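Here is a short report for someone meeting this structure for the first time. Please look over the sequence and the model, then read on.

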Amino acid sequence: MTVSDERTPFIHQPRAVSWVVGGVFVLAYAFFLWGGISNLVGVVANFAVYNIAVTGEIWALLIGYAATPVVVFFAALLIGIRLSIVHRVVVYLIGLGVVGVVSLGLLAIA
């Protein structure tokens, strides 16, 4: 057996189904991204209104909250690229759970 024989073969599926599944989960992850960006802009604007300096810790929390959906989505995309549609949906759902937990954790810290 060679090294190439041991690799998992690429599972071919209808492209339309893959695009629909990807599109649905892009929208779900975009919801979390929108919340992160709106908090990033809103919190900084509110701090400026009250003349409060934004510290490095606050910046780290806000940027982490905005970047988490993007990082997790691309990780789920890379993990699920060779999987069947059902397994890919499970990977995306697990990623959404991770984004939800991390986002709520970051909001609780702030």
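How many helices and how many strands are there in the protein? There are four helices and zero strands.

## Overview

This is a predicted model. From the N terminus on, its elements run α-α-α-α. The protein has 110 residues, and 25% of them count as buried. Among contacts with a separation of 6 or more, 75% join residues 24 or more positions apart.

## Confidence

The mean pLDDT of the protein is 89. Of its residues, 87% reach 70 or more. Confidence is highest in α3, at a mean of 95. It is lowest in helix α1, residues 3-6, at a mean of 56. Where pLDDT is low, the predicted coordinates should not be read in detail.

## Helix α2

Helix α2 covers residues 15-49. It has 35 residues. From its first C-alpha to its last it reaches 49 Å, close to the 51 Å expected at 1.5 Å a residue.

Which residues of α2 are buried? They are Val 21, Gly 22, Phe 25, Tyr 29, Gly 35 and Gly 36. These buried residues pack against α3 and α4.

## Helix α4

Helix α4 covers residues 85-109, which makes 25 residues. At 1.5 Å a residue it should span 36 Å. Its end C-alpha atoms are 36 Å apart, so the model agrees with that expectation.

The buried residues of α4 are Ile 85, Arg 88, Val 91, Tyr 92, Gly 95, Leu 96, Val 99, Gly 100, Ser 103 and Leu 106. They pack against α2 and against α3, residues 56-80.

## How the helices pack

Take α2 and α3 to begin with. Their axes are 9 Å apart and pack at an angle of about 170°. The two helices are therefore roughly antiparallel to each other. On the α2 side, the residues in contact include Val 26, Leu 33, Ile 37, Leu 40, Val 44 and Phe 47. On the α3 side they include Ile 58, Trp 59, Leu 62, Ile 63, Tyr 65 and Ala 66.

Now take α2 and α4. Their axes come within 11 Å and cross at roughly 5°. That crossing makes α2 roughly parallel to α4. Among the α2 residues that meet α4 are Val 17, Ser 18, Ala 28, Phe 32 and Asn 39. Their partners in α4 include Arg 88, Val 89, Leu 93, Gly 100, Ser 103 and Leu 107.

## The nonpolar core

Which residues make up the largest nonpolar core? There are eleven in all: Val 21, Phe 25, Tyr 29, Val 72, Phe 73, Ala 76, Ile 85, Val 91, Tyr 92, Leu 96 and Val 99. The elements that give two or more residues to this core are α2, α3 and α4. Helix α4 gives the most, with five residues.

Tyr 29 is one of the core residues. Leaving aside residues up to four places away in sequence, Tyr 29 touches Pro 69, Val 72, Phe 73, Ala 76, Tyr 92, Gly 95, Leu 96 and Val 99. Tyr 29 takes part in the contact between α2 and α3. Tyr 29 is also among the α2 residues that meet α4.

Val 43 lies in helix α2. Is Val 43 buried, partly exposed or exposed? It counts as partly exposed, because its relative accessibility is 26%. Not counting residues up to four places away in sequence, Val 43 touches Ile 58 and Leu 62. Val 43 and Val 54 are eleven residues apart in sequence, and their C-alpha atoms are 9.1 Å apart.

Ile 58 is in helix α3. With residues up to four places away in sequence left out, Ile 58 touches Val 43 and Phe 47. Ile 58 and Val 44 are 14 residues apart along the chain. Their C-alpha atoms are separated by 9.2 Å.

## The loop at Asn 51

Asn 51 is found in the loop between α2 and α3. It comes just after α2. Asn 51 counts as exposed, because its relative accessibility is 73%.

What is the phi of Asn 51? It is positive, at about 55°, although Asn 51 is not a glycine. Most residues other than glycine have a negative phi.

Technical notes. Residues numbered from 1 in each chain as written. Predicted model: local features only at pLDDT ≥ 70, side-chain atom pairs only at ≥ 80, totals over all residues. Heavy atoms only, no water. Expected span 1.5 Å × (residues − 1). Buried < 20%, exposed > 50% of the residue type's maximum accessible area, 1.4 Å probe, protein only. Contact = heavy atoms within 4.5 Å. pLDDT = per-residue confidence, 0-100. Core = buried A, V, L, I, M, F, W, Y, C linked by side-chain atoms within 4.5 Å. Axes fitted to C-alpha atoms, helices over the stretch in contact; angles between N-to-C directions. Parallel < 35°, antiparallel > 145°, perpendicular 65-115°, else oblique.
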